[in-house]
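Hi everyone, thanks for coming. I'd like to walk you through one structure this morning, so please have it open as we go.

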Amino acid sequence: MKTVYARPKLLKEARFHYCPGCGHGIINRLLMEVIEEMDLQEKAICVAPAGCGMLLYNYFEIDVLESAHGRGAAVATGIKRVRPENLVFSYQGDGDLAAIGTAEGFHAANRGENITVIFVNNGVYGMTGGQMAPTTLLDQVTTTTPAGRDSVIAGHPVRICEVYSMLDGASYLERVAVNSPPAVVKTKKAIAKAFQRQLDGCGFSLVEILSPCPTNWKMDSVESCEWIDEVMSKQFPLGVMKEVPCL
Amino acid sequence: MKRLMSGNAALAEAAVLSGCTCYFGYPITPQNELTEYMAKRMVDAGGVFIQSESEIAAINMVLGASVAGARAMTSSSGPGISLKQEGISYLAADELPAVIVNMVRGGPGMGNISPAQSDYFQATRGGGHGDYKTIVLAPGSVQELTEVVPLAFDLADKYRNPVIILGDGMLGQMMEPVDFDGLIRPPDYEKDYILTGAKDRPPRKVHSLVFDTKLHEEHNWKLFRKFQRMEQNEVRYETYLTDDAEMVVVAYGIGARIAKGAIKRLRQEDLKVGMIRPITLWPFPAKALREMAKTVNDFFVFELSAGQMVDDVRLSLEGKGHVHFYGRPGGIIPTPLELSRIISRHCYQAQAGAKRKKR
């Protein structure tokens, strides 16, 4: 019988702590699939964040450092400058990268650090219980925007890919999603491309992944996936935001 | 061969000679010469130099370089060191070596750019969140700066812990003749904890998050035992004219330099004053002070602050002896003459007090 799918060997047989319907599990698996298929397990070093992704060291069978909240891109910079031959990527949420770690991410991109940022955008602070994130949509209800996000008092959703695309150091920026099988396939391709570009020395790459958070969105899993298509991706359009030819 | 160098530049040179291959810094006075020296020297030496976007980024780059196996350093002054505390706490929790230089300036807040010793508490109490300590080295001359640098890198590697070099604006800025002839590069340590990619070994995980409170308590006790070993093995201090002393000055760094000048004057007046100069502020030479208290009753603490180390002197003496204090905060640099007048007043008062007791 032909095997059409198997659990990647690099993904430990542990039970995920993620909520039902959460996108992190899919993204964790995709990362390990890509690293396995590209035969990079001996080269990969992951920088884990603070947030829902912080426990991924329990699942990844590769070297992992857990960084302080928001500092992933700076820590990854330090690792990569010492070990340019390794594949170094940070895994960061929206609060991590677009709020507390704005400076670190922005300047790593601007320096053109040859690292990859896996940016999981689910529009809320998940682990702490669903507070407003910089990427929360206008009128979206969270525990800290009980009447919906009002731009007058809470500002506007931050579009990281669009902001980074202005930086000359950023070489590859793509926004994808994990809310349907075709979207998951696209996400896997984007991750593989970002990693390949890093191996080729092309400079800073970032894959932004729109990811469902049914628990904090107060939706079921199907509604969450539909909401990404119908609402979230209007604010955060999918596609390649920037791709500089690699010299 | 002796060279005339500023403390900042000499420290940078000593770091490179000690095998430091990564430096990350952000501009702040009075330590900019260190960053500027590194910008050229580190690149010439084939190492990594980054002017970071903030002190927070710099300390996290240090953490990244350290977990990748490199000898890494950052430097700053007061306000910038406050920002680095988050990263220093993570370095201690992750048991990663690093050297952090603080050329202290007047505080709190923006303060000023004059020399001060007001970051003593921050340096010796851990500084950031959680139960941890850092070894704190306080040199008193440009030559000694170059001597504590290889020691700092060695202790950092030996104990897998951040080490602080606590200077001040004067030590960083002033130029003195210095030679590097005696500088021995510390040995490379076997590092079985660094991240290099999981080749021919199981994957490694470096993290400070420990949800299981029992495991986390054990991690804290493990760190605590390490700090106890440091307290047992790494106390360093220097004594000056203490053999016949009736009053012992306790001062460190540039403060000790000023105090030495004052003591020379006092000795001319036949006042028997000596000095103990802690070189490690943590671990503090508590035993040495307690030992002295067997023969000396009066201890005079001098600091370029409103009084921080004086607490450690009192704690060390455990109620024995009489502790006097003089300090000037805010970036003021007292002269040896000023200090000698203050100390002599305390000496005479102590002598008068002793006579009264006898009667």
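**A strand residue to begin with**

Let's start with Tyr172(A), which sits in strand β7 (residues 170–177) of chain A; helices (H or I, at least four residues) and strands (E, at least two) are DSSP runs, numbered from the N terminus. Before going further, this is a predicted model, in which local features need pLDDT of at least 70 and side-chain atom pairs count only at pLDDT 80 or more, while totals for chains, interfaces and linings use all residues. Residues are numbered from 1 along each chain as its sequence is written, and chains are lettered from A and ligands numbered from 1 in the order in which they are written.

Is Tyr172(A) buried or exposed? Tyr172(A) counts as buried, because it has 23 C-beta neighbours inside 10 Å. The rule is that a residue is buried if 20 or more other C-beta atoms lie within 10 Å of its own, exposed if 12 or fewer, and partly exposed in between, with C-beta atoms placed from the backbone.

Which residues does Tyr172(A) touch, not counting those up to four places away in sequence? They are Lys193(A), Ala194(A), Arg197(A), Cys202(A), Ser205(A), Lys242(A) and Glu243(A). Contact here means that the two C-beta atoms, placed from the backbone, lie within 7 Å. For a sense of distance, Gly23(A) is 149 residues from Tyr172(A) along the chain, and their C-alpha atoms are separated by 22 Å.

**Where the two chains meet**

Now to the contact between chains, which takes 29 residues from chain A and 31 residues from chain B. On the chain A side, two or more residues come from each of β1 (44–48), β2 (63–66), α2 (72–82) and α4 (102–111). Of these, α2(A) gives the most, with eight residues.

Across from it, α2(A) packs on helix α3 (residues 55–67) of chain B, with the axes 7 Å apart and an angle of about 45 degrees. The axes are lines fitted to C-alpha atoms, for helices over the stretch in contact, and angles run from 0 to 180 degrees between N-to-C directions. That angle makes α2(A) oblique to α3(B). As for the naming, angles under 35 degrees count as roughly parallel, over 145 as roughly antiparallel, 65 to 115 as roughly perpendicular and the rest as oblique.

**Inside chain B**

Chain B is divided into domain 1 (3–233) and domain 2 (238–358), with bounds that come from an automatic or database domain assignment. Taken over C-alpha atoms, the domain centres are 29 Å apart. Where the domains touch, 28 residues of domain 1 are in contact with 22 residues of domain 2. On the domain 1 side, α5(B) supplies the largest share, four residues.

How many residues are in the largest nonpolar core? There are 180, and Leu137(B), Ala152(B) and Val249(B) touch the most other members. Such a core is a set of buried Ala, Val, Leu, Ile, Met, Phe, Trp, Tyr and Cys residues joined through C-beta atoms within 7 Å. Both domains of chain B contribute at least three residues each to this core. Beyond four places in sequence, the contacts of Leu137(B) include Val148(B), Ala152(B) and Ile279(B).

There is also a helix pair to look at: the axes of α1 (residues 7–17) and α2 (residues 32–44) of chain B come within 8 Å and cross at roughly 40 degrees. Therefore α1(B) and α2(B) are oblique to each other, and their crossing is right-handed.

Most residues other than glycine have a negative phi, and most peptide bonds are trans. Here, a cis peptide bond joins Thr29(B) and Pro30(B), with omega about 10 degrees, and Pro30(B) lies in the loop between β2 (22–25) and α2 of chain B. The bond from Gly107(B) to Pro108(B) is cis too, with omega near 0 degrees.

Finally, Asp39(A) has a positive phi, near 60 degrees, and lies in the loop between α1 (24–37) and β1 of chain A. With 8 C-beta neighbours inside 10 Å, Asp39(A) counts as exposed.

Conventions:
A crossing is left-handed if the near helix is turned anticlockwise from the far one by less than a right angle, and right-handed if clockwise.
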